[in-house]
Amino acid sequence: MSIVYTCRHCGNEVGKIEQTVIDSATLGFDKLSVEDQKEMIQFKQNGDVQIKTICENCEAALGQNPHYHELDFFIQ
């Protein structure tokens with residue numbers, strides 16, 4: 001089982017953790033609201049957990065172009 005961090009904007013893999021047991025408190029999932037958990041965490045059929053995050057490039061693009069926050073997707 002893997003925990004895969006993927007950018008919610010560009011889809012690039014940000015990081016991957018190979019784990020047999022997932023401790024949600026250690027990963028900080030317990031700090032998220034239920035709504036954020038539903039939006040950010042997906043359990044895949046192969047047992048992997050996908051976490052939607054933001055990569056450094058997309059974070060920089062949003063910082064330089066604040067109006068991008070209004071868009072659902074700013075990368076075409």
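Me: Which residue in β4 does C7 stand opposite?
Reply: Happy to start there, with the note that this is a predicted model. β1 and strand β4, residues 49–53, pair in the parallel sense over 5 bridges. Within that pairing, the residue in β4 that stands opposite C7 is T53.

Me: Which residue in the hairpin of β1 and β2 takes a positive phi?
Reply: Let's look at the link between these strands. The hairpin has 5 residues between β1 and β2. Phi is near 85° at one residue of the hairpin, and that residue is G11.

Me: Are the faces of β1 covered or uncovered?
Reply: In a regular strand, side chains alternate between the two faces of the sheet. On one side of β1 lie S2, V4 and T6, and on the other I3, Y5 and C7, all of them buried. With 6 of its 6 residues buried, β1 is largely enclosed by the rest of the structure. So both faces of β1 are covered.

Me: Is S2 buried or exposed, and which side chain does its own side chain join in a polar contact?
Reply: S2 is found in strand β1, residues 2–7. Its relative accessibility is 5%, under the 20% cut-off, so S2 counts as buried. Leaving out residues up to four places away in sequence, S2 touches K16, I17, E18, D48 and V49. Among them is the polar partner, at 2.9 Å from side chain to side chain: E18.

Me: How many disulfides does the structure hold?
Reply: A disulfide needs two cysteine sulfur atoms within 2.5 Å. For C7, the nearest cysteine sulfur, that of C10, is 3.7 Å away, and C7 is in no disulfide. For C55, the nearest is that of C58, 3.6 Å away, and C55 is in no disulfide either. The number for the structure is 0.

Me: Are C7 and C55 buried or exposed?
Reply: Buried means under 20% relative accessible area. C7 has 3% relative accessibility, and C55 has 10%. Both therefore count as buried.

Me: What pattern of strands and helices does the chain follow?
Reply: Stepping back to the whole chain, its secondary structure comes to 3 helices and 4 strands. The C-alpha atoms fill a box of roughly 40 × 25 × 20 Å along the principal axes. Read along the sequence, the pattern is β-β-α-α-β-β-α.

Me: What percentage of the residues of the chain count as buried?
Reply: The chain exposes about 5700 Å², of which carbon and sulfur atoms supply 48%. Of its 76 residues, the share that count as buried is 24%.

Key. Residues are numbered from 1 along each chain as its sequence is written. This is a predicted model: local features need pLDDT of at least 70, side-chain atom pairs count only at pLDDT 80 or more; totals for chains, interfaces and linings use all residues. Side-chain values use heavy atoms; hydrogens and water are left out. Helices (H or I, at least four residues) and strands (E, at least two) are DSSP runs, numbered from the N terminus. Buried means under 20% relative accessible area, exposed over 50%, partly exposed in between (1.4 Å probe, protein chains only). A polar contact is a pair of N or O atoms within 3.5 Å; within protein, one must be able to donate a hydrogen and the other to accept it, and residues adjacent in sequence count only if both atoms are side-chain atoms. Contact means heavy atoms within 4.5 Å. Two strands pair if DSSP finds at least two bridges between them. Accessible areas come from the Shrake-Rupley method with a 1.4 Å probe; for residues, only the protein chains shown count as cover.
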